There are 2 protein chains.
Amino acid sequence: MAAKFFSERNLRFLLYEVFDVEALTRYDAYKEYDAKTFNMVLKAAMELAQGLLYPVFQEMDQHPPELVGDQIKVHPSIRKFLEECGQGGWIGPRMPIEWGGQQLPQMITHTCEFIFAAANYSASVYPGLTTGAAHLILSFGNEEMKKIYLPKMLSGKWQGTMALTESEAGSSLADITTEAEPTDQGYYKIRGQKIFISAGDHDAVENVVHLMLAKIKGAPAGVKGISLFVVPKKRLDENGRLVSNDVVTSGIFHKLGYRGSPIAQLSIGDNDDCHGFLVGEPHQGLLQMFQMMNEARIGVGIGAAAIASAAYYAALDYSKKRLQGRRLSTKDPAVPQVPIIEHPDVKRMLLFQRSVMEGSLALLMQCGKYADLADVLTGDEKERNELLLDLLTPVAKSYPSEMGLLSISQGLQCLGGSGYCDDYPLEQHYRDMRIHPIHEGTTGIHGLDLLGRKVVMKGGRAYKLFLEEVQKTIRESETLETLQSNTQKLKDSLALLQKVTSHLMGVREKGIPELFLADATLYLELFGIVSVAWQWLVQATVVVKALRNGLGDAEVNFYNGKLFAFRYFFEYELPKIEGLAKRLMNSDGLTVDIKPELFSD
Amino acid sequence: MAAKFFSERNLRFLLYEVFDVEALTRYDAYKEYDAKTFNMVLKAAMELAQGLLYPVFQEMDQHPPELVGDQIKVHPSIRKFLEECGQGGWIGPRMPIEWGGQQLPQMITHTCEFIFAAANYSASVYPGLTTGAAHLILSFGNEEMKKIYLPKMLSGKWQGTMALTESEAGSSLADITTEAEPTDQGYYKIRGQKIFISAGDHDAVENVVHLMLAKIKGAPAGVKGISLFVVPKKRLDENGRLVSNDVVTSGIFHKLGYRGSPIAQLSIGDNDDCHGFLVGEPHQGLLQMFQMMNEARIGVGIGAAAIASAAYYAALDYSKKRLQGRRLSTKDPAVPQVPIIEHPDVKRMLLFQRSVMEGSLALLMQCGKYADLADVLTGDEKERNELLLDLLTPVAKSYPSEMGLLSISQGLQCLGGSGYCDDYPLEQHYRDMRIHPIHEGTTGIHGLDLLGRKVVMKGGRAYKLFLEEVQKTIRESETLETLQSNTQKLKDSLALLQKVTSHLMGVREKGIPELFLADATLYLELFGIVSVAWQWLVQATVVVKALRNGLGDAEVNFYNGKLFAFRYFFEYELPKIEGLAKRLMNSDGLTVDIKPELFSD
């Protein structure tokens, strides 16, 4: 198995050279940190990833969780990992120090998440979910809740989950039927079923804390009637002992990949004895849950980029070692075979992977920066960063997920028949990755979110801010001679995006949402390509300036490699918007018009 | 599990309405057949697929072959299937009746292969390999060989294989080291190792007959020194009894998918007692093997289209039954949820699958027609059909394989989280499909084959014939008013293909093969899209004419569904050539120039 699964050099490049995470230490919230302490955090994450997570990457896949009785048993390394996470501050690392967090900026915590997920995506999900759940309690829970749950969760003793999906309500949360009946005892009685609950039950923790959506009896229909509850697997009795809370694990899902994480089906309140604790006000559940969902969406993007990273380095390692064939200009069979990385088509496949993966990661870091600035700034500037993050969240979730699939597929392809066999990690990466376009909202849902909500919200304000951000990059890069031709390409691409968007806004005015949104998924794809091209130009601008300095060979190679990946993206990926735009400009309603019966014969 | 895995109506449409298989019965070779007898053959294939293959589709995946001692044990249904194949004439169905074949045209045998592979791809491979191996013996073997091997193989008692790959020689057959030492006993002593041998050993047959590439001692280096041998697992002794032939199964590969077929590693002649029998003349092995390889490549295309078909019907079935969400124009949560097939984005995903899969199948049928005509015609007309088949073989192998992956991925996506779980067949289809861009030559190899060999061979003759074929379709379709706009699009696309090809021919003249062929894979992709668009226009022309007649509802729905899939292809898929052409016109040597060390950091 390849020993390298991410590039430390690239992480430093993004954090310090491109996105200047150090600048955040000027603000009060991060004043205790500097580059040195950030690096200590990163180093600790790398050690944990390399020492504990990567060694069991394959083993956790081969020995997936099992439901034994009504308890899910997971790989023993998870208990150890969660203990380490608790001790090392890896659960809720952004949380305030007073609650046991590390109060780190998101750019740093995203980077650590990336390292964990590249080592072992399934394992990385456990603390990630607890982090999101704890943050939800911190944001909206009362003081008592915080005192009961946060210390246990942040220490890794209790698992957090997000419990949304039901069998008749997957993409349509309006249709959940889990019910909460008020009592006069300060809790609600919960009754229902949940499916697809990640880390929804397992034996590496003492307790599981579900952040659960349910409807209070008599609540309005649809999303307006959804409330948020804390529903623990075990609740505390009067004596402070954990007792069963009538949450029963009734099933476990057998999955294509991502097998190290248990995905549970839960029966809640079958014995009329499940206590749920309302978080915040009634009927605000979906709004509150969006905090966790949005964080989880960025988390999915990070997970996708991370798996793509591990796959890229495995493919690269193989391509350097595997001898096969000769240069196309060599006909003589007596000449020794060359490593396949000498073949242009293999280099193309590697450049594709690198440009997708590093471009995705840059976009995610950009989102982290917006989140960090929104946290420390106020007023208009805060809102500006929030809007940019909101707009880009569906893009930063979907582009890495969709393109990561293709990226890993090309990684597998580099290995030929060996890539198809489990002697190499590629086939697992290929399986693990496939969840990402599905969970935390399918790509189709994110297309609707981007075009139907984000682009048009507040009179298109977020969208205009995005255009400004890209134009700012263009103004900077066009002063650099070597970047002029690609800067022009991004200019043209941005103009095409605007042309397509204007066209669609025209369609929107016709008042037929189906027609307006029919190709929202393609719009998301186009938006993603332009966004990642933008991020490549951001990186290239930094690189070109860095190359002006006298540098050692390794540094020159790193920067020149970046430039090739940048050029690759502009030469091979960016042109894909031509075909997309051509289709998007033709809102003929093809997929609206076709009747279901025409699919059969 | 969905009960439907292919459309019988579509097969009849292609065979009788588009490609007029009945016209072949005018020729001597097929004069015994008519539509009625062809249909009996198809009906028998469907019964076998539905009765025997489809029921064990999932079971064979869950209980893959195992190496026990030095014998691979496969699912018990394989023995039954091979017996049925032997009795029903499903092995070597094209072979002459005198050798136990059915002497059927390829269009019919391709259709049967498609039905078997859609039901259970892994199972379909066993008789398919024996067919190709038997055909090789028929074409190049001597009479004694034919008498010994063909009856046993065609009856399903002996398995045939193609034994090419070695651990140091995958894509580079020039580098095989398996050695054949002449004796004066009429056989050669074979020594070597082979890997990735499909159906290379199993317990559902009495014997395995390897059609093996090896080098006779002292042969020229490279491909010119490769000879073809029959190397049975057990040979006949003087008394006509089967005795061990020193071919030992030394390993079995654990694969991502396609798990029902054993892929073996073989040690040959470790005890210096392996007899191999030369097929034809020495050093002609690769040339001879190309017959089987080319057949297998079309077979891979068929297998890919077939898996995509099964996945499409599973996704369609789910999409019709699964209730989720409401129309975008409906905000009222009290309105019942609709089947997801009502959502434009789901219809888009289904149309994508259908247009890729049915377009692929049409292209494969077109290849079958060229093969059939090459068989029955003579002189120039024979050569013309041979050249067209040669040119299109890499396209008909690669387009269904590469696009089939995306097609199945969209099928899985229709099911959301359920698609990721093994309660539904999509995750298996997704795994099974991934072998296709790899085996029988990777997509990269086929790109080189198309651009570096097929397009330029005989002064570009095959390529010119292809252009003529497309132009012929255009001339016919432009007379139909409803097809004029899409006919123009195909005209433009063909012009773009010619422009790109001319550009590349200019690069070729520079004499740097790396530069000329650097983007051959993209050229293959572009060629594939244009070819499938052509095949959709061929189909649409038939459909528009058929719709002039008074037809029942089911027929009208079938034809109108075809027109939507055709329009989808032209609206959503064909525009992809814009981006590809843009890149292909810029032969800047990006992937040639980048040095391996620039990939690291």
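Modeller: Let us begin with the contact, bearing in mind that this is a predicted model. The contact draws 80 residues from chain A and 80 residues from chain B.

Colleague: Which helix gives the most to the side of chain A that touches chain B?

Modeller: That is helix α17 (residues 553-573) of chain A, which gives nine residues. Sorted by class, the side of chain A that touches chain B holds 34 nonpolar, 25 polar and 21 charged residues.

Colleague: Turning to strand β5 (residues 188-198) of chain B, how many of its residues are buried?

Modeller: Nine of the eleven residues of β5(B) are buried, so that the strand is mostly covered.

Colleague: Which strands pair with β5(B), and in what sense do they run?

Modeller: Strand β4 (residues 179-182) of chain B is joined to β5(B) by four bridges and runs antiparallel to it, with B:A180 partnered by B:I190. These two strands form a hairpin with five residues between them, and B:G186 in the turn has a positive phi of about 85 degrees. Strand β12 (residues 275-278) of chain B pairs with β5(B) over two bridges, also in the antiparallel sense, and here B:Y188 has B:G276 as its bridge partner. Strand β11 (residues 263-268) of chain B is antiparallel to β5(B) and joined to it by five bridges, including the one between B:S198 and B:I263.

How values were computed
Residues are numbered from 1 along each chain as its sequence is written. Chains are lettered from A and ligands numbered from 1 in the order in which they are written. This is a predicted model: local features need pLDDT of at least 70, side-chain atom pairs count only at pLDDT 80 or more; totals for chains, interfaces and linings use all residues. Two residues are in contact if their C-beta atoms, placed from the backbone, lie within 7 Å. Ala, Val, Leu, Ile, Met, Phe, Trp, Tyr, Cys and Pro count as nonpolar, Asp, Glu, Lys and Arg as charged, and the others, Gly among them, as polar. A residue is buried if 20 or more other C-beta atoms lie within 10 Å of its own, exposed if 12 or fewer, and partly exposed in between; C-beta atoms are placed from the backbone. Two strands pair if DSSP finds at least two bridges between them.
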